[in-house]
Amino acid sequence: MIFSSKKRAETYQKMKEKPLDLIVIGGGITGSGIALDAVSRGLNVAVVEMQDYAAGTSSRSTKLVHGGLRYLKQFEVKMVAEVGRERAIVFENGPHVTTPEWMMLPFYKGGTFGPFSTNIGLLVYDRLAGVKKSERRSMLKPQEALRREPLLKHNGLKGAGYYVEYRTDDARLTMEVMKKAVEKGALSLNYAKVSDLLYDENGAVNGVAVEDQLTNEQHELKAKYIVNAAGPWVDDLRENDNSKKGKTLKLTKGVHLVFDQSKFPLEQAIYFDAPDGRMIFAIPRNGKAYVGTTDTVYEGDISHPVTTVSDRDYLIDAINFMFPDQQITAEDVESNWAGLRPLIYEEGKDPSEISRKDEIFVSKSGLISIAGGKLTGYRKMAENTVDVVCNKMASDEGILFSHSETKNIPISGGDVGGSKQFEIYKLEQIEKGTALGLTEADAKFLVEQYGSNTPLVFDYYKQAIGKNRVLSPVTEAMLQYSIDYEAVCKPVDFFIRRTGGLFFHIHWVEAEKDAVIDEMQRIFQWSDQVKDGYKQQLEQLIYEAKHAQ
């Protein structure tokens, strides 16, 4: 499977030649999931994304495949059960991008949670979510909680609940799902913006006008059905379709701060309530610790949410409230990110009743829009959306398709024999990597990043070793692989969404950026003007990652 940014013209051509059943607008986790579900049932599918894959919400979450514990507080029993089942499926199909993470929920005198309610809540959660025995909750006494995380506030600590969440790289998860869809025959392009919807003489939507964001070329693509999975931009397309009424999106912004563990030596993931009652995660990750999220109504530029000084200070205050001995300051923040959650709001209802569920809207023109929902539920959201398409095809044309198969389809990189076999696979690949000259740490990083695609990255590494270039062989191997197999077009694609570097390895980004940009200029034959524009874009984002606005 080649999913290369060098083949864009060819992909446009195929989208026009092939009679398409479905065009998906949006290359986030929802659009990627829809593409995989549809193509695996036998539909001819094309995906167009106006930015890079996962550039919106799907690279800016808390990076957890949640089990849905918080929904117990709202008595959303059905949602907890479904989200728990989905979490297990996501883990089995992509164990390289999903890792079990034991989470501690401390409770304090006068806090939101208490020993009895936490114990009962976690017990019910284990049952509803079908949590495996080895990951079921336990209750910790104060001494044990402090042994596991000595930085916790001692005063008033009454104990803690202990349960498993799953940590992920949201952008890599999205990429691996999209790669699997392409492998199965989907056609997919990033930087392909839908400028207009197209309609037949009866007013039924039957295509999209696309403006290529790299070349400014215009294209018209036709299909039997159009799905709007544009995340925060869903309502823009519904407005274009004259069907934005009743339920609409309300965007909320979440912010996360990243610290080096030398500044914030967190040992244990913690889920705690801030002084104002909002819930905050603090999670250790490969030598870093990240903390979030805020949850504020957002009305700014959808494509470019930023962390404000007040966002940053709110989180720092929350950290110092729960970990008072650390005395974290703004200077300790190594990086940050801000993201938007598109939630569903119904006119006439109280803002507190904004729904976190997903919903599908079908307009008079036939435009199918999917909005809301969570990262964890992406596969089920995709299944429900494709069911709508297949039911329409059955009634319109008498064509019958099978039910969803994605429960049992490993995503790209996930062909490792399931979660139990992944540890064995990882050890085998680390051994192969070190035999090539990689350090054990680099080999481990690569196999956890690429899973069963690691041998391909090793091949690029072998080619890079003999070259006399400024770029380090490991970075060059990841770059070449990401251009040929992950549709990287710009330096920001590589440094943010294919590697997570801007968030978790910002010093590596600063060290390698010039060499990466030079190599990409050589490959893509950019003019100096284009190269300078991409360099400026990356440097601006590095600045914003390091400084609240």
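In this predicted model, the count of cavities of 30 Å³ or more comes to five. The largest cavity has a volume of about 160 Å³. It is lined by 17 residues, and those closest to its centre are Arg-60, Pro-305, Asn-336, Leu-541 and Glu-544. Three elements each supply at least two residues of this lining: strand E16 (335–346), helix H15 (501–504) and helix H17 (528–546). By class, the lining of the largest cavity has nine nonpolar residues, six polar ones and two charged ones.

The pockets come next. The second largest pocket holds about 720 Å³ of space. Its lining is made up of 31 residues, with Arg-167, Asn-286, Phe-445, Glu-448 and Gln-449 lying nearest the centre. At least two lining residues come from each of strand E4 (98–108), strand E6 (157–168), helix H10 (419–435), helix H11 (440–450) and helix H13 (473–485). Of the elements, H11 gives the most to the lining of this pocket, with six residues. The lining of the second largest pocket divides into eleven nonpolar, eleven polar and nine charged residues.

Gln-449, one of the residues nearest the centre of that pocket, is also in contact with Arg-498. Arg-498 is placed in helix H14 (residues 491–498). Its relative accessibility is 1%, so Arg-498 counts as buried, the cut-off being under 20%. The side chain of Arg-498 makes a polar contact of 2.8 Å with the side chain of Asp-52. Leaving aside neighbours within four places in sequence, the contacts of Arg-498 are Asp-52, Tyr-53, Arg-172, Met-175, Asn-190, Gln-449, Ser-482, Glu-486, Ala-487, Val-488 and Asp-493.

Not counting residues up to four places away in sequence, Arg-312 touches Leu-257, Thr-307, Ala-330, Val-333 and Ala-548.

The remaining part concerns strand E10 and its pairings. Strand E10 (residues 218–228) runs parallel to strand E1 (residues 20–25), and five bridges join the two. Within this pairing, Leu-22 has Tyr-225 of E10 as its bridge partner. E10 also pairs with strand E9 (residues 205–212), here in the antiparallel sense and over five bridges. Val-208 has Leu-221 in E10 as its bridge partner. E9 and E10 form a hairpin, with five residues between them. In the turn of this hairpin, Asn-216 has a positive phi of about 65°.

A further pairing joins E10 to strand E18 (residues 368–372), in the parallel sense and over two bridges. Asn-228 is bridged to Ser-369 in E18.

Notes: Residues are numbered from 1 along each chain as its sequence is written. This is a predicted model: local features need pLDDT of at least 70, side-chain atom pairs count only at pLDDT 80 or more; totals for chains, interfaces and linings use all residues. Side-chain values use heavy atoms; hydrogens and water are left out. Two strands pair if DSSP finds at least two bridges between them. Helices (H or I, at least four residues) and strands (E, at least two) are DSSP runs, numbered from the N terminus. On a 1 Å grid over the protein atoms alone, a cavity is a set of points where a 1.4 Å probe fits but cannot get out, and a pocket is an open set with protein on both sides within 12 Å along at least five of seven lines; lining residues have an atom within 4 Å of a point. Grid points are joined across faces, edges and corners, and a volume is the space filled by probe spheres set on the points. Ala, Val, Leu, Ile, Met, Phe, Trp, Tyr, Cys and Pro count as nonpolar, Asp, Glu, Lys and Arg as charged, and the others, Gly among them, as polar. Buried means under 20% relative accessible area, exposed over 50%, partly exposed in between (1.4 Å probe, protein chains only). A polar contact is a pair of N or O atoms within 3.5 Å; within protein, one must be able to donate a hydrogen and the other to accept it, and residues adjacent in sequence count only if both atoms are side-chain atoms. Contact means heavy atoms within 4.5 Å.
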